[in-house]
Amino acid sequence: MQPEHPRALDEDVASVYFEALHKGHIGTAYDVAKELDLDPCIVKDAIDQLTQLHLLRPEPGHLSNLVPVNPEIAAASLISPMETEIHHRRDLITGIRTQMHSLMHGYDEAQRSKKPSSSIEALPDEAAVRGSLHMAAEACHREVLSIEPSIPYWTASLDDTLARNLAMLERGVSMRMLYQHSARADLPTRGHIKKLIAAGASVRTTPQLPNHLVIFDGEIAFMSNPSETEPASSAVAARDVAVVGFLAEIFEHLWNSATPYSASDMGYQGATDEIHHAIVNLLAQGFTDEAVARRLGMSVRTCRRHIGALLQNLSAVSRFQAGIRAATTGYVDAR
C-alpha cells in the first residue's frame, strides 16, 4: 500500500509555530496554551509534531525553550537521509544487475549447447513468475492482451501490477484487459481498473473467464498453472508462435463477446442479465452455489443474492420451477 502524502499542518500546530516565530522562542505547553487560548494537551501534541518535523529545536543555553527553524532547513534535514537511502538503493540495483549480467554470456552459451528444448517454460513459484513478467513488460513495445480472473492465481499485489501496466501505457503500449463481471462490484479492483482506463487501457468484462493469461507483443504468453501438484502462484511461459497465436485467438473471441467497461460504471451496471444467464446455466449443469460463485469470481453470499433475484424475476418459488421457466424463456443455453 502506498504511503499517504504529507498534508498541510493542522491549524493549531501552525498557530504554535507562528507563536514561536513571533516571540523568537516558546516555553512550556501550558504557557503557550494560555497565550493562544488552547487546550494544553493540544499544544503539547503540536509541539511534539513540530519537534519531529525539525521546525522547533532546543535553544542553546536554554534547553527548556524551543526556537523556530526555517522550514526549508527543516525540510532539508528530513529529506537528506531519504535521498541518501534512495542513492544507496539505486547503487544496489545497479550492482545486482551488473552481477547478473556478468553471468549472461555463460548462460547463453550453455543454452545454445543444449539440445533444442520445448518452447514451453515452467515458472514454479511467485519469484520466477514476477521476474519473468517484469522482463517481458520492459521489452514490450506494441500490445498487451490480458485476462484477469476475479480470483487471481498470482499473488503480486494490485499496486505492483498497476505500476508495471502504467509504465507500459506511458510509453505507448496498447493494452486490452478482460475481467469478470464480479470485478465491477469489488472496490479495490474497480479503483485499479479506473486508473488503467485513465491511462489509456481498454477494459471489458464477461461472466466467466479461464485462468490468468497475459500476452506481450504476440510473442510470449504467460498462463497461470493451478493444479493439485503445483502451487497457486506457478505459471507457464509459451514462446511458440502457434501456441501464442492460438491463445490470442481465444482472447479475441472472449473480447468480442464481452461488455465494455467505463470508469463511470457503478456496480453491475449493464451486466446483471449476463450474470443471471451464467448462473442459470451453471445451476442447470448441476453446480452447487459454492462452485457457481467460484466460477463467477464472487462470494457465495453475493451469488445467492443473485439466485434470489432470479427466482423473483422468474416468479418461481423453487429452483426446479425456476429451471423450467428459465428453459422456456431462453435463459438456459440450448445443448
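Q: What relative accessible area does glutamate 252 have?
A: Glutamate 252 has a relative accessible area of 28% and is partly exposed, where buried means under 20%, exposed over 50% and partly exposed in between, with a 1.4 Å probe and protein chains only. This is a predicted model, in which local features need pLDDT of at least 70 and side-chain atom pairs count only at pLDDT 80 or more, while totals for chains, interfaces and linings use all residues. Residues are numbered from 1 along each chain as its sequence is written, and side-chain values use heavy atoms, with hydrogens and water left out.

Q: Which side chain does glutamate 252 meet in a salt bridge?
A: Glutamate 252 meets arginine 176, at 2.5 Å from N to O; a salt bridge here is a side-chain nitrogen of Lys or Arg within 4 Å of a carboxyl oxygen of Asp or Glu. The two are 76 residues apart, arginine 176 in strand S5 and glutamate 252 in helix H8, where helices (H or I, at least four residues) and strands (E, at least two) are DSSP runs numbered from the N terminus.

Q: And arginine 176, buried or exposed?
A: Arginine 176 counts as buried, at 16% relative accessibility.

Q: Which ring does arginine 176 lie over?
A: Arginine 176 lies over the face of tryptophan 255, 5.3 Å from the ring centre; the rule asks for NZ of Lys or CZ of Arg within 6 Å of the ring centre and within 35 degrees of the ring normal.

Q: Switching topic, how many salt bridges are there by this rule?
A: The count comes to eleven, and Glu19, Lys23 and Glu35 are linked in a network of them.
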